[in-house]
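Look at the model shown here.

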Amino acid sequence: QSADFSPDGEVLITSGLDQTIKFWQVTSGQLLRVIELPNGAAFSIRFSPDGRHFATGHGDHSVCLWETATGTCLRQLRGHHQRVWSVRFSPDGEILASACANGTVMLWHWATGQLLKTLYGHTSWVWSVAFSPDGRQLVSGSNDHCLKLWDVQSGQTLKTWQGYSNWVMSVRFSRDATQLISASSDYTLRLWDRASGKLLKTWGDHTN
């Protein structure tokens with residue numbers, strides 16, 4: 001279902017429909033640890049920026065926060081009302097974003113479990129979220145065929161990009177935050193200018 005490298009690149013963490021989380025040593029391929037999930041499969045899994053924690057999003061509508069060293073679930077975040085498809089830490093590690101099948105995105109102070117904001121605007125499943133490198137903005141991609149740019153502090157929508165004929169499955173910022181890339185189930189990748197909203201390039205060679 002999902003995978004992420006540790007910040008030092010030495011460990012790969014994966015989640016599957018077998019309701020487990022697995023830790024792999026990257027250079028040797030050795031399986032280091034298996035965690036059985038009592039609350040169902042994790043649809044998204046991400047390390048914190050310092051690698052000391054990781055987060056998972058689940059089909060039982062929960063977000064779980066884990067301690068990497070021990071594999072202990074420290075906290076469950078409750079507030080979503082449908083499946084959680086995507087989780088992502090802010091670059092400073094303070095905020096966790098979680099995206100839900102009901103079209104909402106929630107921003108959490110994960111260390112305390114406090115819900116900071118709920119972002120409303122999508123009309124269907126939100127598949128993917130990503131923070132800008134400075135953590136001030138968030139981009140989301142949805143089943144409603146669009147992606148949105150959000151101001152993290154205010155929770156306001158800054159821009160909406162449309163034009164897709166199908167779901168927007170994955171979104172990311174460029175390293176300098178001047179551009180956005182989005183991938184859709186209409187088999188295209190699109191590159192956008194963040195400031196102007198202009199579509200810069202489309203790749204359409206992905207057929208499955």
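A strand is a DSSP run of E with at least two residues, numbered from the N terminus, and two strands pair if DSSP finds at least two bridges between them. The model is predicted: local features need pLDDT of at least 70, side-chain atom pairs count only at pLDDT 80 or more, and totals for chains, interfaces and linings use all residues. Residues are numbered from 1 along each chain as its sequence is written, and side-chain values use heavy atoms, without hydrogens and water.

In strand 6, F54 is the bridge partner of F47. Strand 5 and strand 6 (residues 53-58) run antiparallel and are joined by five bridges. Both belong to an open sheet of four strands in the order 5-6-7-8, with antiparallel pairing. Strand 5 (42-47) and strand 8 (72-77) are the edge strands, each pairing on one side only.

The table sets out the two pockets. A pocket is an open set of points on a 1 Å grid over the protein atoms alone, where a 1.4 Å probe fits, with protein on both sides within 12 Å along at least five of seven lines; lining residues have an atom within 4 Å of a point. A volume is the space filled by probe spheres set on the points, which are joined across faces, edges and corners.

| Pocket | Volume | Lining |
|---|---|---|
| Largest pocket | about 470 Å³ | 19 residues |
| Second largest pocket | about 200 Å³ | 13 residues |

R88, F89, P91, F131 and R172 lie nearest the centre of the largest pocket. For the second largest pocket, the closest to its centre are Q1, F43, W85, W127 and M169. Strand 5, strand 9, strand 13 and strand 17 each supply at least two residues of the lining of the second largest pocket.
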